[in-house]
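Walk through the inside of this protein with the model open.

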Amino acid sequence: MSPTMIAPVVVEENNRYQKGVKHLCDNGLTKVPTKYIWPEPDRPIFTKSDKLTKPKQNLKLPIIDFAELLGPNRSHVLRTIAEACETYGFFQVVNHGMEGDVSRNMIEVCKKFFELPYEERSKYMTSDMSAPVRYGTSFNQNKDNVFCWRDFLKLYAHPLPDYLPYWPSSPSDFRSLATTYATETREMFEMMVKAIMESLEIDGDDNEAAKELKEGSQMVVVNCYPPCPEPELTLGMPPHSDYGFLTLLLQDDVEGLQILYRDEWVTIDPIPGSFVINVGDHLEIFSNGRYKSVLHRVLVNSTKPRISVASLHSFPLTSVVKPSPKLIDEHNQPQYMDTDFATFLQYISTREPKWKNFLESRKIHHL
Ligand code: OGA
Ligand code: NI
């Protein structure tokens, strides 16, 4: 067959996948299309009986109680945060002050968004990474050879008045519920920054970085993972680290998130109403490598749809990301080169942001 005869079919197939996994599933599916089949070493490990092999118990991340953080035990809680960021790059937060209704409503309204007809969702589809709202699929759908079992809605969220007019107007209560959610996550982030600074023994109030982060960017990423007929062949998200300073992740009650811990993928148990917080690349650099931006990925399952909402907080676009001057002296050399945020973004949009190759490329190798 000549290539000219194959081409239209291939183009049509690819167009089908560009519309996302939800669209694919809504049209009925009993097998995973080849486009989503990951090479064997990258797949989740399943036993012969098709059950997910659990080499260990699910990982219980250190739990930070915000109420305690604000009480007389603060210094103890700060040490727990420091240990968690060094060991796992992840921890969970309870008693964080966000009412259960706010997080439940956010999950529910996002579920409703993904249940809208494709025509409505696709209004927000664009390959422009700087669009205030972007609906899409996989990880980087213009670059990925193998696709991920994930659709997403990304919303720029700060300063909110600049972006709100672009947010989806359907479902009708989407904007108001997502506004409350984004505003309250931002407040949580600001409290976390203060705690993180103090845990690094940097004054939480009087430092340039904390001030910059107050004006920093925020992106709310809603992830939708429909049930998958053959979850052992694919991934919801490939191994990646988050590029920002901190990510605040809200999951529904379906597990799927795994982190790389001692060279093994371990599943994080969802705790209803809690947030999973993880160190991003900016914080690894800022802490001069003391806190780790850890690789994580997402598995899918055959029965339950899963929704997660990640709030990614970073330095402003105009900032230079660098090790904190407070952590550098004659005994502690900087371990990373200064990096302006634009370089970060350029890298993310031009190369496959898999693994931690960007952070690696910014490392200074002292003799
Ligand atoms: C992310 C992410 C994990 C999840 O959005 O960067 O890692 O559980 N999400 O959806
Ligand atoms: Ni992530």
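A cavity here is a set of grid points where a 1.4 Å probe fits but cannot get out. Its volume is the space filled by probe spheres set on those points. Keep in mind that this is a predicted model.

How many cavities of 30 Å³ or more does the structure hold? There are two. Take the second largest cavity to begin with. About 60 Å³ of space lies in it. Its lining is made up of T126, S127, M129, R134, T137, F139, N140, Q141, N142 and F152. By class, that lining has six polar residues, three nonpolar and one charged.

Now move to the largest cavity. Its volume is about 70 Å³. Y156, S217, Q218, M219, Y243, L312, L317, F341 and L345 line it. Two elements give two or more residues to this lining: strand β5 (218–225) and helix α11 (341–350). Seven of the lining residues are nonpolar and two are polar. None is charged.

Next, the packed regions. The largest nonpolar core has 88 residues. Which members touch the most others? They are I81 and F245. Helix α8 (residues 174–199) gives the most to this core, with 11 residues.

Setting aside neighbours within four places in sequence, I81 is in contact with I64, L69, F91, M192, A195, I196 and S199.

Notes. Residues are numbered from 1 along each chain as its sequence is written. Chains are lettered from A and ligands numbered from 1 in the order in which they are written. This is a predicted model: local features need pLDDT of at least 70, side-chain atom pairs count only at pLDDT 80 or more; totals for chains, interfaces and linings use all residues. Side-chain values use heavy atoms; hydrogens and water are left out. A nonpolar core is a set of buried Ala, Val, Leu, Ile, Met, Phe, Trp, Tyr and Cys residues joined through side-chain atoms within 4.5 Å. Buried means under 20% relative accessible area, exposed over 50%, partly exposed in between (1.4 Å probe, protein chains only). Helices (H or I, at least four residues) and strands (E, at least two) are DSSP runs, numbered from the N terminus. Contact means heavy atoms within 4.5 Å. On a 1 Å grid over the protein atoms alone, a cavity is a set of points where a 1.4 Å probe fits but cannot get out, and a pocket is an open set with protein on both sides within 12 Å along at least five of seven lines; lining residues have an atom within 4 Å of a point. Ala, Val, Leu, Ile, Met, Phe, Trp, Tyr, Cys and Pro count as nonpolar, Asp, Glu, Lys and Arg as charged, and the others, Gly among them, as polar.
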